[in-house]
Amino acid sequence: MNFKPLLLGACSAVVLCGIASAETLTIATVNNGDMIRMQKLTDDFTSKNPDIKLDWVTLEENVLRQRVTTDIATKGGQYDVLTIGTYEVPIWAKQGWLLPLDNLGPDYDVNDILPAIRAGLTGEDGKLYAAPFYGESSMVMYRKDLFEKAGLTMPDAPTWDFIADAARKITDKDKEIYGICLRGKAGWGENMAFLTATANAFGARWFDENWKPQFDQPEWKKTLDFYVKLMKDAGPPGASSNGFNENLALFQTGKCGMWIDATVAASFVTNPKESTVADKVGFALAPDTGLGKRGNWLWAWNLAIPAGTQKQQAAEKFIAWATGKDYLKLVAEKDGWANVPPGTRTSLYENPEYLKAAPFAKMTLDSINAADPKHPAVKPVPYVGVQFVAIPEFQGLGTAVGQQFSAALAGQTSVDQALQNAQQLTTREMTKAGYIK
Amino acid sequence: MARNVSSQRKIVNTVVAWTIGILIFFPILWTFLTSFKTEAQAIASPPSLLFFDWTFENYFEVQARSDYFKHFMNSVAISFGSTLLGLIIAIPAAWAMAFAPTPKTKDVLMWMLSTKMMPPVGVLVPMYLLFRNTGLLDTRIGLVMILTLINLPIIVWMLYTYFKEIPGEILEAARMDGASLAKEIIYVLTPMAVPGIASTLLLNIILAWNEAFWTLNLTASKAAPLTAFIASYSSPEGLFYAKLSAASTMAIAPILILGWFSQKQLVRGLTFGAVK
């Protein structure tokens, strides 16, 4: 008798039962180092939760944003856990697209989350709508050796005047050393993240209390003038097409004296495997102009549950695992404390082992704490967000204004013209969207 | 009589052809070379063309991080499936337009082509809703259907031009001999148009293989093809060029090899009818 078919049938029945009992979570995430590490540590979660399987969808940030937005806006239900930024959380929570994270378990310790980060993820009803996976601010990274050579000392909290002066002194264009590298590539998450945060330090703001655009005010002119002149004197050539990655490459190959950007860059520039200047980097707070606000931003990549999911409980379990305290310990055991996702929990910054392994830890924490998304500018504003304005229209607006400013940096238009265009297009869009009556 | 080509002219032609060829091929070559560099070398300026420490590290890393084979099989299923389905629909359609034209045939052809003039993102939301309501999101069948529809105008147009070259008298003769319509298309028309059909097939497989809007937006994990595989290696934070290059090389290698082997068919099909 031929047993083969019977055997095959029995096997497939067993397999089918196995599939039926395991719940599969589809997790959408960005392709950043910390997320990739989380993906590699999946086994730890599945061994603790054998009834849950994880299916990862990793994508580039802009592709991810487009796809996840389409899915959530149409309640497509393709994903059970989303990785979203601080910009999306308040907007999506207000739309009712996210489920509140009320049941992350007794060990989760919500109060341990850094207050500045938590404030950005809490809805108007006081509930947490996303859990931070890692947080970041911006700060100055500088070359200690070049500063020493020029006879300069970087203060912990520098002013923009000092930064500009130092940048011009360090610059040696013949040797391809540029005093300062700043973002110039157009985009709401590229040059406008930097410029919006910098404008806060110069006393500028996007909108007044009645949503009237403020690009025609002297503060914006001062900001943009300062930036364009400084980059012309002490910036690298072709700066108008430099974003985070381009500047990272320049800094790592020793071509920048200073770089003001995301705190997460600290672990890249101090990594001897990637950086030729790993042992020569110092850190300082983002500069100010004495008006009471620093140009440091606040961002976090967070995990959230879309309202369309059928697997809320399993998704909550996963988020509690990935953003909990034990996860930090797990990463430290496997890859060392320097590689732990930073910027989310107070307890991490009280851990002596972490402080020893990460020379940039204190500056990161100070930078995050110094950011105030609810009161980002010197003057009062009607919006939330330091380096962005948390309204759905901002992606389009920010990029359009960013193109104007990038053109001014490239010398294709004047600063005045760029500001005038920015004012016009912002007024038009805001009127169309109904903010300006 | 063959033209007399002087040897000097020949050299000039060869040099020009090689220059154009290398220019066109250069980005692919560069991607290939970058995939063997370390991340730091990939961004080094000035870049080194050949003299760097060759490493397979990126390929191992890509292999460890994502399931290449799954994405590859999805790409194969989607591109071959949509092209074959497209041909089954397009051969009769092109036959009708080439051999039984009506005064409106040109308009129909133009209308078919006009569907390609709209930017796809314009219909993203309605398509997404249709897919969601019919349960086709993240399925191979859904992607085969949409890619068939997208490439159908091109398939019909290409086949129409090839069929026009075939003398209608031959089909008439077959009909006189008592061949039915189906037999006429399968046994008479198709064999004569093989070079044209083959190049249409190949070109559409390539188009479907590289289609990166719908395949990215309508899939999540189960049906995600190689385009999604590449998209997962670009990053806004941190260096990624070497790994992205390795992923791209792995993604285009199969189609490049297919193109290489079928080069003869492709060229013959594309110049079909030009020389009689």
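Seven residues of domain 1 of chain A are in contact with eight residues of domain 2 of chain A, contact meaning that the C-beta atoms of two residues, placed from the backbone, lie within 7 Å. On the domain 1 side of chain A, α5 (88–95) and β8 (298–304) each supply at least two residues, where helices (H or I, at least four residues) and strands (E, at least two) are DSSP runs numbered from the N terminus. This is a predicted model, in which local features need pLDDT of at least 70 and side-chain atom pairs count only at pLDDT 80 or more, while totals for chains, interfaces and linings use all residues. Residues are numbered from 1 along each chain as its sequence is written, and chains are lettered from A and ligands numbered from 1 in the order in which they are written.

**Domains of chain A**

- Domain 1 of chain A comprises 22–136 + 298–357 and domain 2 comprises 139–297 + 387–432, with bounds that come from an automatic or database domain assignment.
- The centres of domain 1 and domain 2 of chain A, taken over C-alpha atoms, are separated by 29 Å.

**Overall form of chain A**

- Chain A contains 18 helices and eight strands, and its C-alpha atoms fill a box of roughly 90 × 55 × 45 Å along the principal axes.
- Of the 437 residues of chain A, 50% count as buried, that is, with 20 or more other C-beta atoms, placed from the backbone, within 10 Å of their own.

**Interface between chains A and B**

- 26 residues of chain B are in contact with 25 residues of chain A, and on the chain B side the elements giving two or more residues are α2 (39–42), α6 (124–133) and α11 (214–217).
- The largest share of that side of chain B, five residues, comes from α6(B).

**Annotated regions of chain B**

- An unreviewed UniProt entry lists residues 72–262 of chain B as "domain: ABC transmembrane type-1"; UniProt positions are given in the numbering used here, feature names are shortened, and annotations may be inferred rather than shown by experiment.
- Over residues 72–262 chain B is 74% helix and 0% strand, with its end C-alpha atoms 20 Å apart.
- The annotation "transmembrane region" in the unreviewed UniProt entry covers several stretches of chain B, including 12–33 and 184–209.
- Residues 12–33 of chain B are 100% helix, with end C-alpha atoms 29 Å apart, while residues 184–209 of chain B are 96% helix, with end C-alpha atoms 32 Å apart.

Notes:
Buried ≥ 20, exposed ≤ 12 C-beta atoms within 10 Å, placed from the backbone.
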